[in-house]
Amino acid sequence: MPAGIVAWGTYLPYWRLDRKAIGLTLGSPAGRGTRTVASYDQDTTTLGVEAARRALAGLGGADGRLTPQSLLFSTPDPAYADKTNATTIHAALGLPQATSAYDFNGSARSAWGALHAAGVLGAAQPSLAVIADLRTGLAGGAEERESGDGAAAFLMAGDGAAAEIIGHASSSAEFLDRWRVPGDTDSRQWEERFGEGVYVPLAEAAFTDAVKAAGIPVDAIDHLVVSGLHARAVKAVKLALGGDGAKLAPDLTLLIGNLGAAQFGVALADVLERAEPGQIIAVVSLADGADAAILRTTDALTTAQAAQRAAAAPTVSEQVAEGRTDLPYATFLTWRGQLRREPPRRPDPDRPGAPAMHRSDAWKYGFSASRCLVCGFRHLPPTRVCVECKSIDQMEPERIADIQGTVATFTIDRLAFSLSPPVIGVIVDFDGGGRFRCEATDADPAKVQIGMRVAMTFRRVYTADGVHNYFWKARPITADVNTTEVHTTEGSN
Amino acid sequence: MASRGIRDRVAIVGMGCTPFAEHWDKGTDDLLTDAAKEATASAGIPLSDIDAFWLGTMASGLSGITLSGPLKLDYKPVTRVENFCATGSEAFRNACYAVASGAYDVAMAIGVEKLKDSGYSGLTGTRPVTDGTDPQLTAPASFSFLAPAYANKYGVDTDEMKDVLTRIAWKNHRNGAVNPRAQFRKEVSLETIKNSPLVAGQLGVFDCSGVSDGSAAAIICRVEDAHRYTDNPLYVKALSFVAGPAAGPIDPSYDYTSFVEVVRSAEDAYAQAGIVDPRAELAMAEVHDCFTPTELVLMEDLGFAERGTAWKEVLAGTFDRDGELPVNPDGGLKSFGHPIGASGLRMLFECWLQLRGQAPPERQIATVTEGGRKLGLTHNLGGAPGECVSFVSVVGSEPSA
């Protein structure tokens, strides 16, 4: 019996690309709705960090009992090969050294494998699965238009599950439906009717086996999630399994796009956020075969939902409703490397040094300050000598990543190197003390002001000589969003 | 423990200053040679009579060989110093101390920077290997934090603040327009300055100092020897240098309307020189106008205006060349650009000309010719608001009573 889901978190980026913008630029119809777009300073690792922070945000009262002992990260678009990305997430979460961290990189199917493995490991000790995807495609293509970026994280443990896994089944098959050569930004797909024909019976088989393993009647299912990058096959499976469609989880792809590997995770989180205790959830994922899980929510679901609200971790539906939809298509193309733009006449940024990064990992990744034990002054970055009372080596570390702050002053830097100029510089005074000067992101330069409330977010500041320079930036808490006018379509599409 | 200073123990007996410009036809070696040649000619001594050298450059060369090589020095001590934008002033300060100590009879302080060869906009430089967490903000962005903070604190509205900053740039360009050594020798209209493209925050292109190449040099000896070289030496009254704890960016009590380092170095310098009321006693000041809000804040930090009033004084013309206290009568960094290692010595060069009555009539300052004032101040700061180094010197045309 694997563990159940104790806590979850999702992350949908601030930016949306209006599909009409593609059509207007390229002169061809691109449909309606929006897709999520990771900002220029995000990659799958940083998306994963944000989702994982939200999954762990509500566990303050658990006294460390739920500290993950394993972290499994899965993405089809890893920031690094030959270097573990899960260790970056591990460091950004400030997890103990004894917590293991592994990548499950590859196809969307690996994401299910990571969650399943976390469930198996979770029966013995809390394990965190983090799933992220960032999908680009070629300009004007279906993948660019229909896909999206996002992440989901699930904390799995044997006790206190908000949703127990009561049945699980897989069906595997070797066939060529979607593929991509490493290094390419776009995947290719075989003629889709072929894939549909293969997927539907595989999904039905996995579903049937999972229901049988759970020992429940099919009509006991309250919520059904079917996801996968093969939209036609997903639609067919929904029709085959969903009956009248009333149990089908909302299809969010019109507003956020198909999140690829993260799709089933975000959809499941969305269901958990609206489900009630004692309900049955079936999740079916189509990815080079099919996987299915049957979950039963418990009384702990209410507690988990409340903890999520208390930690101010936004729900999927809240995130879907927010977001900036005025991203110019040219900016999207620039961020994704599809449009090479003239850089400012400034030197390229320096590659950060491995020893220096390692020495300061608690700061650089964990955003941990030092607080003076003598006078209480909080230092960002951590220092050994107190700026206030000059005591030497009388410091204790203190994680600031989840503490909010207020903008003391700011500037708009039009000269600094950035993939998305201008750079917004802010001086942040943190609640409870401490000041830091950093970049602001996911903000409108015209709306930044003194007194603006900010939270910290983990970003890829730049990449130099193939080294990703990760660090924290400030983002406005009350996003200056223009809520999208397109509405969710319920049921199948 | 005290900062005692070396008032009237050493004097400048010769100076040189190249034009500050885009010297596409001159390298670092040429600029150093030009400045050294002019300085030695000014003092009337051969290079071989100089006992020791202090070379200031931030990034145009490493080690004393950067100077000893091109000047073919005969196995003399050459110390290369770097201290951000105060680099040239640091070379001068240390040369003065060496002479005051009695270790050498005659020393040269020389500064140089060849910025235009980089091919980039603004300042560049090599930095130590870091963990990548330093803010990526440029210098204009770092200094642009001053303007909204000052305006907010003293109730100056945004448009008025822009007018104040604009007038500082206008004044310095106006001064530079009549100075043949300046990089920019044209007056610039208030409209042009005010409407220039934004670089950072409220700062437009014309709120930023230029980028140029240049070199300047001073020859220093003990006061008792000074009249062997010149009838009118420039006496060193005060030398102060402060490196701050870089607390501003991490201390919420710092409000970005002052440079504590400047306040401290000015207090020290005034104590050394015996100055009580700088605005009344100084004939002129050459200050570090890297960006227009810097000059605004410096007027208060250096004690030229009460807190919260410098913006009114700027608009009233108090610091114009014909004002109560001329500030940057040579045109400042605004007109000269800022070849880092040379700037501090270029400021001294203006004191050298003005206080000794050698500035051409069209730009002579009345505080000297009519007011009879004898003292000049130079100031540099390097770094950014809240985390900088600051240098203040006071020089004078007569020994103190």
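**A buried alanine and its surroundings**

Modeller: B:A151 is buried, with a relative accessible area of 10%, and, as with everything that follows, this value comes from a predicted model. The residue is found in helix α5 of chain B, which covers residues 146–154. Leaving aside the neighbours within four places in sequence, B:A151 is in contact with B:V156 and B:M161. By contrast, B:V242, which is 91 residues away from B:A151 along the chain, has its C-alpha atom 27 Å from that of B:A151.

From this alanine we can turn to the cysteines of chain B. A search of the whole structure finds zero disulfides over all chains. For B:C221, which is in no disulfide, the nearest cysteine sulfur is that of B:C96, 10 Å away. B:C221 counts as buried, because its relative accessibility is 0%. B:C351 also has a relative accessibility of 0% and so counts as buried. The cysteine sulfur closest to that of B:C351 belongs to B:C17, and the distance of 12 Å is too far for a bond.

Over all chains, the structure holds 51 salt bridges. One of them, in chain B, brings together the side chains of B:R279 and B:E324, at 2.9 Å from N to O. Here B:R279 lies in helix α10 of chain B (residues 278–281), while B:E324 lies in the loop between α12 (310–316) and α13 (332–336) of chain B, so the pair ties together parts that are 45 residues apart in sequence. In chain A, salt bridges that share partners join A:D41, A:E439, A:D442, A:R459 and A:K473 into one network.

The side chains of A:R135 and A:E143 meet in a salt bridge with an N to O distance of 2.9 Å, and both A:R135 and A:E143 are buried. A:K20 forms a salt bridge with A:D18, where the closest N and O atoms are 3.7 Å apart. A:K20 counts as exposed, because its relative accessibility is 52%.

It remains to consider how the chains meet. The contact takes 34 residues from chain B and 39 residues from chain A. The size of an interface is often given as the accessible area lost when the parts come together. Between chain B and chain A, the area buried is about 3,200 Å², and carbon and sulfur atoms give 59% of it. The count of salt bridges between chain B and chain A is one, and in it the side chains of B:E387 and A:R437 meet at 2.7 Å, N to O. There are also 15 residue pairs in polar contact between chain B and chain A, with both residues at pLDDT 80 or more. On the side of chain B that touches chain A, the elements giving two or more residues are α4 (139–144) and β5 (198–200) of chain B. By class, that side of chain B has 18 nonpolar, 12 polar and four charged residues.

Key. Residues numbered from 1 in each chain as written. Chains lettered and ligands numbered in written order. Predicted model: local features only at pLDDT ≥ 70, side-chain atom pairs only at ≥ 80, totals over all residues. Heavy atoms only, no water. Disulfide = S-S within 2.5 Å. Buried < 20%, exposed > 50% of the residue type's maximum accessible area, 1.4 Å probe, protein only. Contact = heavy atoms within 4.5 Å. Buried area = accessible area lost by both parts, 1.4 Å probe. Salt bridge = Lys/Arg side-chain N within 4 Å of Asp/Glu carboxyl O. Polar contact = N/O pair within 3.5 Å; in protein donor to acceptor, adjacent residues only side chain to side chain. Helix = DSSP H or I, 4+ residues; strand = E, 2+ residues; numbered from the N terminus. Nonpolar A, V, L, I, M, F, W, Y, C, P; charged D, E, K, R; others polar.
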